[in-house]
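This report describes selected local features of a predicted model. The sequence and structure are shown first.

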Amino acid sequence: MDHDSAPLSMAEIVRIARRLDRPVVLVGMMGVGKTTVGRKLASLLDVPFIDADEEIERAAQMPIPEIFATYGEPYFRSGERRVIARLLDGVTPARRKVLATGGGAFVDPETRALILDKAVSVWLDSNIDTLVERVGRKDNRPLLRGGNPREILTRLRDERRPAYEQAAIHITSGNLPHGVTASRILKAIDAWL
């Protein structure tokens, strides 16, 4: 096991958690594992986990695919920006949380500026083969409807890369256990703080 994959001790995790004074926001492509890794990361840090997409659905009182179909992507992105702003405006200790965003959230310049200013941004990245395999498990991705998922994911990843690259931390998530990826994120946060 390489040093990067070695698990952290509970004492190391507690030390990192104590130093953390802002939310950790996971950004990256759909299917990269932001929600599953985010839940694991929040559990390790003993902080709340929030999925921005779930909060958007709750605020709109409809599922995201329906928001896209009824109102379009610009309307969705505007609502997404408002929800993320609300989630990031908490006060201590509520500020300490892990937030998983939708794949396009960080691409929006206003949302990205807000996240960069108020959070530790973590770009969770993965190769296209892994993304295609993961998004194929569910049919709830509005941007993949009516096209070849591999082509759409490749195009979106290429288009979004310049935005994602602005995140403070870059972690590659492959077919590793979520705990290993969460541990890598914690080590990177520790170095960043």
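What covers the buried residues of H4?

## Helix H4 and its cover

Among the elements that cover the buried residues of H4 are H3 and helix H5, the latter formed by residues 73–88. Helix H4 itself comprises residues 64–71, and its buried residues are Ile 64, Pro 65, Ile 67 and Phe 68. They lie on the same side of H4, because the arc they cover around the axis is only 160°. An α-helix has 3.6 residues a turn, so residues three or four places apart point the same way.

After H4 comes Gly 72, which has a positive phi, near 95°.

## Glu 55 in helix H3

Helix H3, made up of residues 52–60, contains Glu 55. The relative accessibility of Glu 55 is 17%; because the limit for buried residues is under 20%, Glu 55 counts as buried.

The side chain of Glu 55 forms a polar contact of 2.6 Å with the side chain of Arg 58. When neighbours within four places in sequence are left aside, the contacts of Glu 55 are Ile 50, Val 83, Arg 86 and Leu 87.

## Ile 185 in helix H9

Ile 185 belongs to helix H9, which spans residues 178–192. With a relative accessibility of 0%, Ile 185 counts as buried.

Beyond its neighbours within four places in sequence, Ile 185 is in contact with Leu 26, Val 37, Leu 41, Val 122, Leu 124 and Ile 171.

How values were computed
Residues numbered from 1 in each chain as written. Predicted model: local features only at pLDDT ≥ 70, side-chain atom pairs only at ≥ 80, totals over all residues. Heavy atoms only, no water. Helix = DSSP H or I, 4+ residues; strand = E, 2+ residues; numbered from the N terminus. Buried < 20%, exposed > 50% of the residue type's maximum accessible area, 1.4 Å probe, protein only. Contact = heavy atoms within 4.5 Å. Polar contact = N/O pair within 3.5 Å; in protein donor to acceptor, adjacent residues only side chain to side chain. Arc of directions from axis to C-beta.
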